[in-house]
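Some labels used for a protein model can be checked against their definitions. The questions below do that for a reader new to this one.

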Amino acid sequence: MTKYIFITGGVVSSLGKGIVAASLGKLLRARGFSVAIQKFDPYINVDPGTMSPFQHGEVFVTDDGAETDLDLGHYERFTNTSLHQINNVTSGSVYQTVIQKERKGEYLGATVQVIPHITNEIKARLQMATKHFKPDFLIAEIGGTIGDIESLPFIEAIRQFRLEEGIGNSISIHVTLLPYLQTSGELKTKPSQHSVYVLRSYGIQPEVLVCRTAIPIHKAEKEKIALFCSVQKDCVFECKDMKSIYEVPLALEAQNMAGVVLKLLNIKDKKPNLSSWEKLVDKIKHPKNTLTVALAGKYTDLSDAYISVVESLKHAGLEFDSKVNIKWLATEECTDLNKAKEFLSDVDALVVPGGFGVRGIEGKLNVIRYARENNLPFLGLCLGLQCAVIEYARNVAGLEGANSTEFDENTKYPVIDLMTEQKNVAGYGGTMRLGAYPCHLKEGSKVHKAYGTKIISERHRHRYEVNSEYKKLIEDKGLIISGSSPDGLLAEVVEYPKNDWFVACQFHPEFKSRPESAHPLFRGLIKAAVNRKK
């Protein structure tokens, strides 16, 4: 029988509930248990696919083509699993389903209400995940902060679900903040007390508290929190600010959090195997080398917009005992080639990530040109490939003014164009080329050697592709298409063989990188950067 763990947050947003969920999943997996993790988000958007990265951060894409919250990236990386559409549930998707059922008459004329119809649909999503994964543990993270009006249907659904599942089959974990007042030198517990009070007023008594803090929590403060929040003393856990998110599982394991959770759920504890994770954290804490990688994008004011890219660079760096420092490069500031040269003069590699819209494109073309002409290791992702092709078409293939029809509908040389199946698409949400697709690699190419196999599968999120009419011309001028769709129509990877590492892909490899197993393309980039620095 699946056991359920519900994680809520209080006091403030962005406490790291997702990292706590992922860390607990890691600890349970390390004990040999199977784990599935769901994210319940209270916003009315059906998914984050149409939301600005400045509002929401990165849109993470699953193998089955779901556009999801970035926390699913943490879940996958920590537990080394692949998640699906059902792992991300929003208020928008729940209400959409209920309204569609009402329109079809499935409620037999009943007045459709939040209780029971919305809450029943939320519970049905939990049951769907249970049926799909059949896990020993299902961890459900509720987005937002306790007290938010948007979260109430999810909290009520949890309350009902816990009653229906029976005592001992579920627990509630509440993540709170303990503010530190520097002037008085005190950690204040009152905000956490109030947060738990509000949660209890909704009918849920948490069994476990995870307290975010800037300094260690003393025994007396833990006992006070336990007393006023009606939890056992050994169920109050400290989650101190750390330099790396990958330290969190070990910090929670040192406090026996997984053991306490298992005891509360009447499951016998097992000895965890965390040796590889311990080695990983040791490498993070004691790097032998340092590399600087420029990340050239348009959302550089919010690092969460590129969080999977940043983590993938770190993963690859660890395989070469190197700490990767990110140099954020706003491409709007690189519209002059000399400026691009100035910004890139002190970096060891360049990444141009995905994105949409014309803003910052000319700057991206300049930094790519500098990388190509100066043998600076380069990796382009999605839009990064399109920019690499445009730059090459303009500056090497002689197609002056070459562009993408996304940026210039009347360009004389549309080397990047809207995919055929996208030309009659009316809406924006969920209509791109999404999810995992196979790709055939050219034998002997750099990417073929990097992957060690000829056929790969990678996740996509785009509408535009390299225009087939210009593929031969570009290849004749020296930019090799080293990865294609199985039918050979779509260019999936390009590389410039004269450079040590100049590779760009139409897909998003960052979604499949793992802390203990770096993605081949990021590994290839960092390897070239290490060799260049030597």
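A residue counts as lining a cavity if it has an atom within 4 Å of a cavity point. The model discussed here is predicted.

Q: Which residues line the largest cavity?
A: Val-389, Val-466, Lys-471, Ile-474, Leu-479, Ile-481 and Val-494 do.

Q: What makes up the lining of the largest cavity by class?
A: Six residues are nonpolar, none is polar and one is charged. Lys counts as charged, while Val, Leu and Ile count as nonpolar.

Q: Why is Leu-72 called buried?
A: Buried means under 20% relative accessible area. Leu-72 has 0% relative accessibility, so it counts as buried. Leu-72 is part of helix 3, residues 71-79.

Q: What is Leu-72 in contact with, leaving aside its neighbours within four places in sequence?
A: Its contacts include Lys-39, Phe-60, Thr-62 and Leu-83, where contact means heavy atoms within 4.5 Å. The C-alpha atom of Leu-72 is also separated by 8.0 Å from that of Gln-38, a residue 34 places away along the chain.

Q: Which residues of helix 13 are buried, and how do you know on which side they lie?
A: Ala-340, Phe-343 and Leu-344 are the buried residues of helix 13 (residues 337-344). They cover an arc of only 90° around the axis, and therefore lie on the same side of helix 13.

Q: What do the buried residues of helix 13 pack against?
A: They pack against strand 12 (289-297), strand 13 (322-330), strand 14 (349-352) and helix 14 (361-373).

How values were computed
Residues numbered from 1 in each chain as written. Predicted model: local features only at pLDDT ≥ 70, side-chain atom pairs only at ≥ 80, totals over all residues. Heavy atoms only, no water. 1 Å grid on protein atoms, 1.4 Å probe; cavity = no way out; pocket = protein on both sides within 12 Å on 5 of 7 lines; lining within 4 Å. Helix = DSSP H or I, 4+ residues; strand = E, 2+ residues; numbered from the N terminus. Buried < 20%, exposed > 50% of the residue type's maximum accessible area, 1.4 Å probe, protein only. Arc of directions from axis to C-beta.
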